[in-house]
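We will go from stop to stop, selecting a few residues each time.

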Amino acid sequence: MPAYVHINLRVIDPAKQAALAPRFQAALHEAGGRVLHFGRIAEVLEGDEAPLPMAGVFEFPTLAQALAFYNSERYAPIKAERREAQQARMFVVEAG
């Protein structure tokens with residue numbers, strides 16, 4: 001059953017973000033994931049809490065693969081650098 005990692009973020013260091021993006025994408029693809037969406041939020045439809053300006057959705061074949069990627073040694077240094085480049089909220093959901 002597919003799993004979807006959602007991220008809502010604000011870039012705080014554009015240079016670090018630009019350097020990080022290709023490494024993140026390579027690690028994501030290597031782990032079996034793919035980018036479904038990454039870009040600016042077009043419009044808030046509901047809710048009182050304003051989202052951060054960017055959003056992304058990454059698909060994995062299973063929840064186990066999504067969690068394995070997030071907790072992997074390959075992603076650990078990218079995750080640390082991402083936290084310097086972005087302010088973010090992230091969660092995963094399982095389809096079904």
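**Stop 1: a loop with two faces**

Select Glu46, which sits in the loop between strand E2 (34–40) and E3. The model you are looking at is predicted. Is Glu46 buried or exposed? Its relative accessibility is 74%, and exposed means over 50%, so Glu46 counts as exposed. Glu46 and Gln87 are 41 residues apart in sequence, and their C-alpha atoms are 22 Å apart in space.

Stay in the loop between E2 and E3 and select Leu52. Leu52 has a relative accessibility of 4%. Buried means under 20%, so Leu52 counts as buried. Which residues does Leu52 touch, leaving aside its neighbours within four places in sequence? Show Asn8, Leu9, Arg10, Ile41, Gln87, Ala88 and Arg89: Leu52 is in contact with each of these. Leu52 and Ala15 are 37 residues apart in sequence and 19 Å apart from C-alpha to C-alpha.

**Stop 2: strand E2**

Move to Leu36, in strand E2. Leu36 has 40% relative accessibility, so it counts as partly exposed. Leave aside its neighbours within four places in sequence. Leu36 is then in contact with Tyr4, Val57, Phe58 and Glu59. Draw a line from Leu36 to Tyr4, C-alpha to C-alpha. The two residues are 32 apart in sequence and 9.1 Å apart in space.

**Stop 3: salt bridges**

How many salt bridges are there? The count comes to five. Visit three of them here.

Begin with Glu59 and Arg34, which form a salt bridge with their closest N and O atoms 2.6 Å apart. Glu59 belongs to strand E3 and Arg34 to strand E2, so this pair ties together parts 25 residues apart in sequence. Check the surface at both ends. Glu59 is buried, with a relative accessible area of 15%, while Arg34 is partly exposed at 44%.

Next, select Lys16 and Glu84. They form a salt bridge, and the closest N and O atoms are 3.0 Å apart. Lys16 is in helix H1 and Glu84 in helix H3, so look for a link between distant parts of the chain, 68 residues apart. Lys16 is partly exposed, with a relative accessible area of 38%. Glu84 is partly exposed too, at 45%.

Now go to Glu30 and Arg74. Their side chains meet in a salt bridge of 3.1 Å, N to O. Glu30 lies in helix H1 and Arg74 in the loop between H2 and H3, so the pair ties together parts 44 residues apart in sequence. Colour them by accessible area. Glu30 is exposed, with a relative value of 57%, and Arg74 is partly exposed, with 37%.

**Stop 4: helix H3**

Select residues 76–85, which make up helix H3. Highlight Ile78, Lys79, Arg82 and Ala85: these residues of H3 are buried. Look down the helix axis. The four cover an arc of only 120 degrees around it, which puts them on the same side of H3.

What do the buried residues of H3 pack against? Show strand E1 (3–11), helix H1 (14–30), helix H2 (63–70) and strand E4 (86–94): these are the elements they pack against.

Lys79 lies over the face of Tyr70, 3.8 Å from the ring centre.

**Stop 5: the rings**

A search of the whole structure finds six aromatic pairs.

**Last stop: colour by confidence**

Where pLDDT is low, the predicted coordinates should not be read in detail. How does this chain score? The protein chain averages 96, and 100% of its residues score at least 70. Which element has the lowest mean pLDDT, and which the highest? H3 has the lowest, at 95, and strand E3 (residues 54–60) has the highest, at 98.

Key. Residues numbered from 1 in each chain as written. Predicted model: local features only at pLDDT ≥ 70, side-chain atom pairs only at ≥ 80, totals over all residues. Heavy atoms only, no water. Buried < 20%, exposed > 50% of the residue type's maximum accessible area, 1.4 Å probe, protein only. Arc of directions from axis to C-beta. Contact = heavy atoms within 4.5 Å. pLDDT = per-residue confidence, 0-100. Phe/Tyr/Trp six-rings, centres within 6.5 Å; stacked < 30°, edge-to-face > 60°. Lys NZ or Arg CZ within 6 Å of the ring centre and 35° of its normal. Salt bridge = Lys/Arg side-chain N within 4 Å of Asp/Glu carboxyl O.
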